[in-house]
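User: I have a model open and would like to go through it chain by chain. Could you take me through it?

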Amino acid sequence: MREFLWLVPLLPLIGSVTLMLGAGRLTMRLAGTIGAVSVGLAAILAFTIAAGFLTNPPAGSVYQQTLWHWLNVGGVSATFGLRLDPLSLVMMLVITGVGFLIHLFATEYMEGEDGYGRFFAHLNLFVAAMLLLVLADNFLALYTGWEGVGLGSYLLIGFWWRDPANGLAARKAFIVTRIGDTALFLGLLLITSHLGTLNIADAMQHATQSWPIGSPIATLAAFLLLGGAVGKSAQLPLQTWLPDAMVGPTPVSALIHAATMVTAGVYLIARTHALFLLAPAALLTVGIIGGATLLLAGFSALAQNDIKRILAYSTMSQIGYMFLALGVGAWDAALFHLMTHAFFKALLFLSAGAITMRLHHEQDIFKMGGLARRLPVAFWSFLIGSAALAALPLVTAGFYSKEAILSGAWAGGTSGRVLWLAGVVGAFMTGLYIFRAVFIVFFGEEHGHVSGRYGWRITTPLAVLSVLAVLGGLIEVPPVFGHVTLLSNLLAPVLPATKEVTDITPLLLASLAALLGIALAALFYWRPTQRPAETPLWRFWHAAGGFDWLYNRVLVRPVLWAARVNSDDFIDSFYDVIAWATKAIHQQVRRTQNGRVRWYTAGLAIGSVSLIAIAVLL
Amino acid sequence: MTLVWLLLIPGIGGAVAWMAGGRHPNLPRRIALAVLAIDFIIALSLIGPAMSSAIPAGHAAWIASFERPWIPQLGISFELYLDGLSLVLILLTIALGFISVVISWTEITDRVGLFHANLLWSVTGVIGVFLALDLFLFFFFWELMLVPMYFLIALWGHEHRFYAAIKFFIFTQGSGLLMLVAILVLVFVHQQTTGHFTFDYLALLGTKMNPTMAFWLMLGFFIAFAVKLPAVPFHTWLPDAHTAAPTAGSVLLAGILLKTGAYGLIRFVVPLFPDAAHAFAPYAMTLGVIGILYAALLAYGQNDMKRLVAYSSVSHMGFVLLGVFAWNTLALQGVVIQMLAHGVSTGALFILVGALQERIHTRDMRQMGGLWGSIPHLSAFGMVFAIASLGLPGLGNFIGEFLILLGSFQVGVPLTVIAAIGLVAGAAYALLLVQRAFHGNAAPHDETAAKPCDLTAPHLLVMAGLFLALLGLGLYPQPVFDQVAAGLAVVQHDGTPSTGPTTQFAEATP
Amino acid sequence: MNTTFEISAVVAVLATLMMITRPSAVHALLYLTVSLLAAAMVFFVLGAPFAAALEVIIYAGAIMVLFVFIIMMLNIGDAAAALESTWLQPSTWIGPSVLALLLAIELGSLAVTGGLARPAGSVVNAQAVGLALIGPYMLAVEIASFLLLAALVAAFHLGRAVMREE
Amino acid sequence: MANVPLDQGLLLAAILFALGLTGVLVRRNLLFMLMSLEVMLNAAGIAFIVAGARWAAPDGQIMFIFVLTFAAAEVSVGLALILLIHRQNPMLDADAGDRLRG
């Protein structure tokens, strides 16, 4: 089956192209079917390939497939090739699996929307690009997927194009991530120039051979790649686009801005870990960025009233955990968390979508309340998702993955301990902010009458994801609880092993922090509460630390100002001056051309007199 | 002889189209299509490896040649040579010419015969520029392509067309004069050192002269080509010319005429004056980078859609300038791809703006918005090509920019880093165009006016074809690389400074 | 003979001076004729009798007659003369006079310092002129005849336009 | 007839030429300008004759004949034009005909 690997990204692409060509001609039912089925088929194929891969692993756990030679010029060559190894396998399964569930959800969620076919065309395009990103065997193809998902994100954030605010959010997302992408692009240039290859595996091999640990060039390359990663993964300092991206349809938020695209940065760093291992400074920065982001986002999430923005900040925060894990070298843990996060965050977004679709797209949590009885399906799935997000000990997938990260940090020396502390504070915050949302939304007094049943296309994904959010963590269980290492065994050929921690202290502390957060949330928000007062502190966290304000002042406004002021191109005025001077001289000189014969004769005479004078006198 | 036919067919076709214009307006259109199709087939037949025999040593890249004495007393000959570089650009020229005819079918209804004559003659001039190796002949074609273009703008243009046409003419003509002076001085210098009076490019290669003289001559050529490219600060004619020109004029201007500037830089400036050009390279590359960013900023500030696209064109040509003066295989191959991709994507954008203007009678983006609802196909293609022009991987522009920057990275890291900011800037203006024109609320006046009709079948076919071409360039550019490789290798060989290997050049970068 | 030359020269200059200052066209024309006759006298003194004869016949004769015809046809009378007097303000004279004076001084100084003082002292008669005219100057004669033809056609055409309008 | 100082002849030509020029510049009536032109042409003729006399060559007189021819042609066309102009501009004011001004 492995030889059909190329079909995995191609199937969604075919779906996308079919939908684009058929735009306006396909019925809603047909469009939804094409959209969901193309991803579903890709998922089935991916799982079949995975089964084959696990039962009968290829040599070195790597399966390489070259589709065609892309370019070969001036000593630089790139193939359009796919590479299946455990890392990309995990990513591929998450993308196609979660992606299919979200597509299924969306077929019902988006019903009746204008541009239904376009929605699925873009969603399929996104899935195809994301699959290319994770399956690419060289940087150029990776970058193609990388930009492709950015495009998909742009198109889908701005899906409801009639509202200019959506367009602004979409452009912001694209441009902010593009800043990171440009860093990545420069990283590619650096790697290609110095290592002479675009193939990721070869480049990593050359790098370890030719660059010593801590060499400036390796550090620079790692930092440039990191720039790309923080852009895509919405980490400091390029995190500002993600909360705004929530204006897109909720399935989009679930798929792109929670489960898959935003984790591309994590994937990139994991994929190029060899380079980061050569650059300890960059790796430490990854951890610090992760720690800082998870705290910033955690606090910010507490100051939000919009359910999707709460989830957006929690996504930033959770990806911060993954970065933290990468920074301390807990590679498996990062990927583990990536996977479980995809499950529970998709679940959270989809259940949030299920709620808002019954509330006429009202997203303010203070206008909800008491929904637990009205919308039980949404309630239970949101509750399970929240529990997993808050890492409720033992019974959720989030607990195991977060525990893996924190124990990895605990083992990582002094800097690791500091990051661990940040992680524990973050765990506390997570419990607090998400259960704040749970209590406000589902308990307390009801606002208006809400009802409605969900079709199977909504309930099935919620059910499957709920199960995964609970049980998905059992593939990797720490030593104290039974020591299951399915995932790290699988990833062993591609990612360096993590130190095992048998100390139970960090685990207990982290669990306590999470429970404390939940308890505190229950204490404050069990009873109906008022909308929080707009204190300066609240405003500060509501604006997520004022980064938007800062960037507006420092970057956006000066550029806009320059563009507006100079829209007539001051260089042209230089040429205008030449033209003006010519005209002015013309105005003067034309007076001599007054049409009078005698005047001309006089001119002739003066000229003759002068000429003869010159001839005579000189 | 094939090369002569390549020139004669559109040249004579233009005259025939003119005469046929009096009989029926569709006749010149059909004639122009037929002529360009035949020319395209002839050009296609030339694709292939270089000739091995009967070519001077060291110049084994020529695919075809034609040489006859013209004014032997002055050392001028009718000398046409074709290598892969010229061939690729000629194919682009003819293809875009063909498309220009198709998209002018409904737009141009006045003096149809003369319009197509001018269009075909302009194409003829450009093909001549790409073929001529005698400097006199080159200059002849260089001027020849301007005149029909002037008339295209002045006679069939939009508001301010005379202003724009004259500005265009003065800029290109004035810079052409500098080149003529440089050509003549070069010929005289060559005569003084060798006693041989000739305008033959191949003979003039490697003329010995003192560095100051070489620098000034190089500058004369450089300015002529930089104006045509156009490079900042010589770019100000372009937005005006584009805004005023009819759609076909814009397509030809952006798609083809600008390429002659880049071609001239590659073919003449560097090989004829290797040392001077390499000493000048850091400054030229800096100009390129300034152009990328400055034009992007300008594009962002425009309300007129066509001006936005025009400035984006200037920005893209900044990459070309950067790539040419990086002067290594990667960058030059990138320049070729960038030229082709830019010709296609910007041409397509101009076609769309023209189609839009035909439908809603404005190019002012303040009066647009929400067009996606009324004309989805046009809007979708607008978005596709806007995204292509911001350099999305998988489409041709990306390959061009990637190779150019990879090439310039070997030469000057700081410049490359600054140039890369252009990728962000490109995204900013391209998406702004999409937002202001196609997304957002429908402009108020749309409610009362009749609903504009979407793209018609010929336009859709053209758009689809252009998109597929971009996709092809983006996903499988290797055939282009292979076709131009030999030609570029020779040019590069000629353009290597005598003082040492190219590594010295790297150190000269600021 | 020197005296003859000097008298003729003075007459020519004075007559021309009068000519350019007269408001009446007929008066001016008469002074011009005098000036031309004086010039003919100068030619004769300089040993160019043929030229002198031509000067009298063609210039003072034919061309002046043409002027007379035109003056008669246009019926330029006292009104025109009065207008001329108003045009001939002293202020209008200053600039041109200075200019002309400068020119005269320059040309005169060139003439005086030009080294032409020694005359050849012989008469060039009509025969010599005629031989040269149809010898080396054949082509020039032809061109001159074309010029005359063109002038004839042009004058005829212009004159006919006048007649048709009347 | 041999002892006419030729520089005096040229001086005469110069003075006449200058006077003619003054006439052209000062007079506004086209008829007077034409007359003054005749003076200037005649002055040129005198200069030719003087130069011819210096070497006793016929060329001076021949040139004079050409000047004469030219004068005749010029006068005939000029007077015809004056006839035409007179219809629109009876005072023959040269300054009124400035429609070719820049």
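**Domains, chains and contacts**

Analyst: Let us begin with the domains of chain A. The assignment gives domain 1 (67-78 + 163-554) and domain 2 (568-617). Please bear in mind that this is a predicted model.

User: How many Å separate the centres of domain 1 and domain 2 of chain A?

Analyst: The two centres, taken over C-alpha atoms, are 75 Å apart. The C-alpha trace of chain A spans about 120 × 65 × 55 Å along its principal axes.

User: And what does the secondary structure of chain A come to?

Analyst: Chain A has 26 helices and four strands. Of its 618 residues, 57% are buried. Among contacts in chain A with a separation of 6 or more, 81% are between residues 24 or more positions apart.

User: Moving on to chain C, which domains does the assignment give there?

Analyst: Chain C is assigned domain 1 (2-123) and domain 2 (136-166). Their centres, over C-alpha atoms, are separated by 25 Å.

User: Which pair of chains has the most contacts?

Analyst: Four pairs of chains touch, and the most contacts are between chains C and D. That contact takes 76 residues from chain C and 67 residues from chain D. On the side of chain C that touches chain D, at least two residues each come from helix H1 (2-21), helix H2 (25-45), helix H3 (49-74), helix H4 (78-87), helix H5 (90-113), helix H6 (126-134) and helix H7 (138-165) of chain C.

User: Which of those gives the most?

Analyst: H5(C) does, with 13 residues.

User: How do the residues on that side of chain C divide into nonpolar, polar and charged?

Analyst: There are 63 nonpolar, 11 polar and two charged residues on the side of chain C that touches chain D.

User: What about the contact of chain D with chain A: how many residues does each give?

Analyst: Chain D gives 10 residues and chain A gives 10 residues. On the side of chain D that touches chain A, five residues are nonpolar, one is polar and four are charged.

User: How far apart are the closest C-alpha atoms of chain B and chain C?

Analyst: They lie 33 Å apart, and no contact joins chain B and chain C. Chain B and chain D do not touch either; the nearest C-alpha atoms of that pair are 21 Å apart.

User: Let us stay with chain B. Why does its radius of gyration agree with a compact globule?

Analyst: A compact globule of 510 residues would have a radius of gyration near 24 Å, and chain B has 22 Å, so the value agrees. The C-alpha atoms of chain B fill a box of roughly 75 × 55 × 40 Å along the principal axes. Of the 510 residues of chain B, 63% count as buried. For contacts in chain B between residues at least 6 apart in sequence, 80% join residues at least 24 apart.

User: How many helices and strands are in chain B?

Analyst: Chain B contains 22 helices and two strands. Strand E1 (residues 64-71) and strand E2 (residues 76-82) of chain B run antiparallel and are joined by seven bridges. One bridge pairs B:Ile71 with B:Ile76 in E2(B).

User: What do E1(B) and E2(B) form?

Analyst: They form a hairpin, with four residues between the strands. In the turn, B:Gly75 has a positive phi of about 70 degrees.

User: Now helix H9 of chain B. How many residues does it have, and how far does it reach?

Analyst: Helix H9 (residues 211-228) of chain B has 18 residues and reaches 25 Å from its first C-alpha to its last, close to the 26 Å expected. Its buried residues include B:Leu217, B:Met218, B:Phe221, B:Phe222 and B:Phe225, and B:Lys228 is also among them.

User: Which helices do the buried residues of H9(B) pack against?

Analyst: They pack against helix H7 (161-194), helix H11 (247-272) and helix H12 (274-300) of chain B.

User: Why does B:Ile47 count as partly exposed?

Analyst: B:Ile47 counts as partly exposed because it has 13 C-beta neighbours inside 10 Å, whereas a residue is exposed with 12 or fewer and buried with 20 or more.

Terms used:
Residues are numbered from 1 along each chain as its sequence is written. Chains are lettered from A and ligands numbered from 1 in the order in which they are written. This is a predicted model: local features need pLDDT of at least 70, side-chain atom pairs count only at pLDDT 80 or more; totals for chains, interfaces and linings use all residues. Two residues are in contact if their C-beta atoms, placed from the backbone, lie within 7 Å. Ala, Val, Leu, Ile, Met, Phe, Trp, Tyr, Cys and Pro count as nonpolar, Asp, Glu, Lys and Arg as charged, and the others, Gly among them, as polar. Domain bounds come from an automatic or database domain assignment. The expected span of a helix is 1.5 Å times one less than its number of residues. Two strands pair if DSSP finds at least two bridges between them. The radius of gyration is taken over C-alpha atoms; the globule rule is 2.2 Å times the number of residues to the power 0.38.
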